[in-house]
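Please walk through the structure shown below. The paragraphs that follow take up a loop, an interface, a helix and some charged pairs.

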Amino acid sequence: MRKKYLTPLLFLLPSLIIIFCFVVFPVFFSLYISLTDFNVRSLVNWGNAKLIGLANYRHLLHDELFLKCIVNTLYFVVLMVPLVLVLSLALALLLNLPLIKLRNFFRMGFFMPYISDGIAISTVWYWVVSKDYGILNHILSWFGIKGPGWLTDVRFAMLAIVGLVVWRSLGYYAMLYLAGLQNIPQQLYEAAEIDGANRWQKIWYVTIPLLAPTTLFISITSMIGGFQLFTEPLTLTNGGGPMDATKTIVLFIYENGFRYFKMGYAAASSYILFAFIFIVTLFQIKLGEQKY
Amino acid sequence: MEKEPLNYNRRKRVPPKALLLKIGVYLLLIIGLLSTILPLFWMISTSFKSQEAIFELPPRLIPKHISFENYINLFKQEIDFAKAFQNTLIVTVSYTIGALLIPAMAAYAFSKLHFPGRNLLFMLFLATMMIPSQVTLIPNYLSINFLGWLNTYRALIIPPLANVFNIFFLRQHMLSIPDELCEVARIDGANEGLIFFRIIIPLLKPALATLGILNFTGMWRDFLWPAIIATDSSMYTLQVALYTLFGQNQASTTFGVVMAGAVLVLIPLFLIFLAGQKFIVHGISTTGIKS
């Protein structure tokens, strides 16, 4: 009996310890913190934090800034996900055409921005969309369009961030679609051809339905990623400006937790984020079970 | 060799309509590619502009004179960029080694060893993947603070090692290695450690390379955790240093130095990307298929 467990235990031990200490324990600890008034005084002595029940959650639901963050985050997700889906599918279909030589070259070129994710690329984008000195408004001026101050105008700031995220992730998602396309059996196209389907009908009735698992995967991944939007507004709009138009849930958590040290409040808001992501994940599992 | 792409239209002689289509498709792709590369090009171009040239109107895509002043200034900042580069290298390399070895061991137990409760435990591991990192951010910060680990390498390296995706990925690959290989070795008297290091690890090299690249680049780009843990500027990673530099130069004539910093941060990523292309493609195609 002891022998049966000893070897597996030794192999699992490092993972068990790390996952317990930095995932399992903190999930419960976080829940506890969210029920307290944990603040900067409690940082020195955890005993200073008093249990206050659901007060943090109740405050959050009446905190206009938090509600605005939720709306902003949803707005971002609703804009970004369909754009990513349509554009990456279109790109993958183009790249998959038999007449494309240099497929690998193009694929890698489109993938470049994805590898360069992070603060660095946000600073680059900041400079690209800069009102007077940016290259974007300069190019727009060739067509007689006077570009706005993308990051300073309440109407355009979130669009600039959507632009960054779509631009950055397009190549990655197109690669997922390309992998999906390679898995569609050739015979299906031949059968469709015999039935007299033209190019567009083949795409609409064969390709797109058969890519549904990839589409589901991409929508869920990009949705979850979208809910966690943080680095881009932190950099581009200095933490969610102008007038909080780009403040997201994660920025709210970050500011409350690490700028004001209202840890209890921040933990409660992180649980609300968790709820959003949990719903999306459940939806994925349900859909996945039903169809595939 | 790449798999032959799908034949939408069979290629015989090229009729004019197909030629037109061909030109159209290439035109679209080239415009798309140019706009994809443009921001990166703009970054490099700006980093080689002198202070006066940056605020020239209209903006010039290629600098008239190549100037290295931004790169020289980058290493004269209050924030020590050389140190930040060193910190990032230490953290990223140590993390990557750990993020391969520790999950590989767990994956071995989950795929090649038999013990009661194995599947249940694996399901529990998978369930933790649903937890977004923001939920564990605050308690983890408190634990690190409690341990007195703020501004240490171990605090930057160890918590991110809790990576269930890596276990999942390696387990999938180990399952495709026949059990008989291990059985034969066991009959020959090899212990599990020997089998793991001598049989499994060598067979997993491509999967490990893929995962290594994904983890290395992921860690290199990570910002939130190091920003919280490394509050002392001598412990800054590149991303944190660049963020601070950006904050100081955002609106001023010295923005070129930020672009030089961005180039410095991105060069290692691009080098790895070029060297490991085929592994990246492999990794992405395999994560996509089975979600």
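Where in chain B is B:Gln250 found? B:Gln250 sits in the loop between helix 13 (238-249) and helix 14 (255-289) of chain B; helices here are DSSP runs of H or I with at least four residues, numbered from the N terminus. The model is predicted, so local features need pLDDT of at least 70 and side-chain atom pairs count only at pLDDT 80 or more, while totals for chains, interfaces and linings use all residues. Residues are numbered from 1 along each chain as its sequence is written, chains are lettered from A and ligands numbered from 1 in the order in which they are written, and side-chain values use heavy atoms, leaving out hydrogens and water.

B:Gln250 counts as buried, at 15% relative accessibility (buried is under 20% relative accessible area, exposed over 50%, partly exposed in between, with a 1.4 Å probe and protein chains only). Leaving aside residues up to four places away in sequence, B:Gln250 touches A:Tyr126, A:Thr235, A:Asn238 and B:Phe255, a contact being heavy atoms within 4.5 Å. With A:Asn238 the side chain of B:Gln250 makes a polar contact of 2.8 Å (a pair of N or O atoms within 3.5 Å; within protein, one must be able to donate a hydrogen and the other to accept it, and residues adjacent in sequence count only if both atoms are side-chain atoms).

The contact between the chains takes 102 residues from chain B and 103 residues from chain A. About 9500 Å² is buried between them, 76% of this from carbon and sulfur atoms; buried area is the accessible area (1.4 Å probe) that two parts lose on being put together, summed over both. Helix 1 of chain B gives the most to the side of chain B that touches chain A, with 18 residues. Helix 1 of chain B covers residues 16-47 and includes B:Gly24, which is partly exposed at 32%.

Over all chains the count comes to 10. A:Asp37 and A:Lys50 form one at 4.0 Å, N to O. A:Asp37 lies in the loop between helix 1 (2-34) and helix 2 (40-44) of chain A, and A:Lys50 in the loop between helix 2 and helix 3 (55-62), so the pair ties together parts 13 residues apart in sequence. A:Lys247 forms a salt bridge with A:Glu255 at 3.2 Å; A:Lys247 is buried at 8% and A:Glu255 is buried at 7%. Salt bridges that share partners join A:Asp244, A:Lys247, A:Glu255 and A:Arg259 into one network.

In chain B, a side-chain oxygen of B:Asp80 lies 3.2 Å from the backbone nitrogen of B:Ala82, capping the N-terminal end of helix 4.

Key. Helices (H or I, at least four residues) and strands (E, at least two) are DSSP runs, numbered from the N terminus. A salt bridge is a side-chain nitrogen of Lys or Arg within 4 Å of a carboxyl oxygen of Asp or Glu.
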